[in-house]
Amino acid sequence: MGYFDIPVDHVHCQPVILDYLASKMISSSDLVVVSPDVGGVARARAFAKKLFDAPLAIVDKRRHGHNVAEVMNLIGDVKGKVAVMVDDMIDTAGTIAEGAALLHEEGAREVYACCTHAVFSPPAIERLSSGLFHEVIITNTIPVAEKNYFPQLTIITVANLLGETIWRVHDDSSVSSIFQ
């Protein structure tokens, strides 16, 4: 908002991903939402609240440089659960892959990765398709080349969300009510 001198609405892809996850019919008692780092806790907490007020777990990691992460600890319980990791973007997938490995070590039954923006810089595809994830759920805010598709990848369109947002702006209606 600081870059524009006109009103701007932040469009979140959370409703699109939540709708998709709801279609998976994962039992709420089996679910835990995981933040891959401390910085994403507010995002994961909001996500968990909309997923039947699911419990929250946090991967505590330390960064040793740009795109270099080391996982340290897991805060929360994932044993026997379906862990849904939520992040805003996946670049090299180092953080989310190391987090998924830790979740498996701690007894998670399945691990899903959900993100809005899939940058997929090398070696992201190798890390994401290595068997750590039951499914990697992304949106189409950034095009993914077909050569980077892998069996666990699910791409969800944000077309309806953007269309609804445009319609509400045109109709002078509330955009924020989409995300409540």
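This is a short chat about a predicted model of a protein chain.

Q: Which residues of helix 2 are buried?
A: Helix 2 runs over residues 41-50. Its buried residues are Val41, Ala44, Phe47 and Ala48.

Q: Is Phe52 buried or exposed?
A: Exposed, because its relative accessibility is 55% and the cut-off for exposed is over 50%.

Q: What about the residue just after helix 1?
A: Met25 also has a positive phi there, about 55 degrees. Met25 lies in the loop between helix 1 and strand 1 (31-35). Its relative accessibility is 71%, so Met25 counts as exposed.

Q: Where is the cis peptide bond?
A: The bond from Pro122 to Pro123 is cis, with omega near 5 degrees. Pro123 is in the loop between strand 5 (110-118) and helix 4 (124-128).

Q: Back to helix 1. Which of its residues are buried?
A: Gln14, Pro15, Val16, Ile17, Leu18 and Leu21.

Q: What covers them?
A: The cover includes helix 2, strand 4, strand 5, strand 6, strand 7 (153-156) and helix 5 (159-170).

Q: Strand 5 again. Where does Thr116 sit, and what does it contact?
A: Thr116 lies in strand 5. Leaving aside neighbours within four places in sequence, Thr116 is in contact with Cys13, Ile17, Asp87, Asp88, Thr139 and Thr141. Thr116 is buried, with a relative accessible area of 15%.

Q: How many residues are in the largest nonpolar core?
A: That core has 29 residues. Val34, Leu103, Phe120, Leu128, Phe133 and Val136 touch the most other members.

Q: Which elements supply this core?
A: Strand 1, strand 2, strand 4 (82-90), helix 3 (94-105), strand 5, helix 4 and strand 6 (135-139) each supply at least two residues.

Q: What does Val136 contact?
A: Setting aside neighbours within four places in sequence, Val136 is in contact with Ile90, Ala113, Leu128, Phe150, Gln152, Leu153 and Thr154.

Q: What is in the second core?
A: The second core is separate and has 25 residues. Val16, Phe47, Leu51 and Leu161 are among them.

Q: Which residues make the nonpolar surface patch?
A: Tyr3, Phe4, Ile6 and Val8 make a patch of about 490 Å². Ile6 comes in the segment before helix 1 (14-23). At 53% relative accessibility, Ile6 counts as exposed.

Q: His12 is in that segment before helix 1 too. What is it in contact with?
A: Beyond neighbours within four places in sequence, His12 is in contact with Leu161 and Phe179. His12 and Ile178 are 166 residues apart in sequence but 9.2 Å apart in space, C-alpha to C-alpha. His12 is partly exposed, at 39% relative accessibility.

Q: New topic. How many salt bridges are there?
A: Five. One of them joins Lys24 and Glu135, with the closest N and O atoms 3.0 Å apart.

Q: Where are the two partners?
A: Lys24 is in the loop between helix 1 and strand 1, and Glu135 is in strand 6. They are 111 residues apart, so the pair links distant parts of the chain. Lys24 is partly exposed at 31% relative accessibility, whereas Glu135 is buried at 5%.

Q: Which residue does Arg109 pair with?
A: Asp30, at 3.5 Å from N to O. Arg109 is in the loop between helix 3 and strand 5, and Asp30 is in the loop between helix 1 and strand 1. Arg109 is partly exposed, at 46% relative accessible area. Asp30 is partly exposed too, at 25%.

Q: Which residues form a network?
A: Arg43, Asp87 and Asp88, through salt bridges that share partners.

How values were computed: Residues are numbered from 1 along each chain as its sequence is written. This is a predicted model: local features need pLDDT of at least 70, side-chain atom pairs count only at pLDDT 80 or more; totals for chains, interfaces and linings use all residues. Side-chain values use heavy atoms; hydrogens and water are left out. Buried means under 20% relative accessible area, exposed over 50%, partly exposed in between (1.4 Å probe, protein chains only). Helices (H or I, at least four residues) and strands (E, at least two) are DSSP runs, numbered from the N terminus. Patches are made of residues with over 30% relative accessible area and no salt bridge: like charges are joined within 9 Å, nonpolar side chains (Val, Leu, Ile, Met, Phe, Trp, Tyr) within 5 Å. Accessible areas come from the Shrake-Rupley method with a 1.4 Å probe; for residues, only the protein chains shown count as cover. A salt bridge is a side-chain nitrogen of Lys or Arg within 4 Å of a carboxyl oxygen of Asp or Glu. Contact means heavy atoms within 4.5 Å. A nonpolar core is a set of buried Ala, Val, Leu, Ile, Met, Phe, Trp, Tyr and Cys residues joined through side-chain atoms within 4.5 Å.
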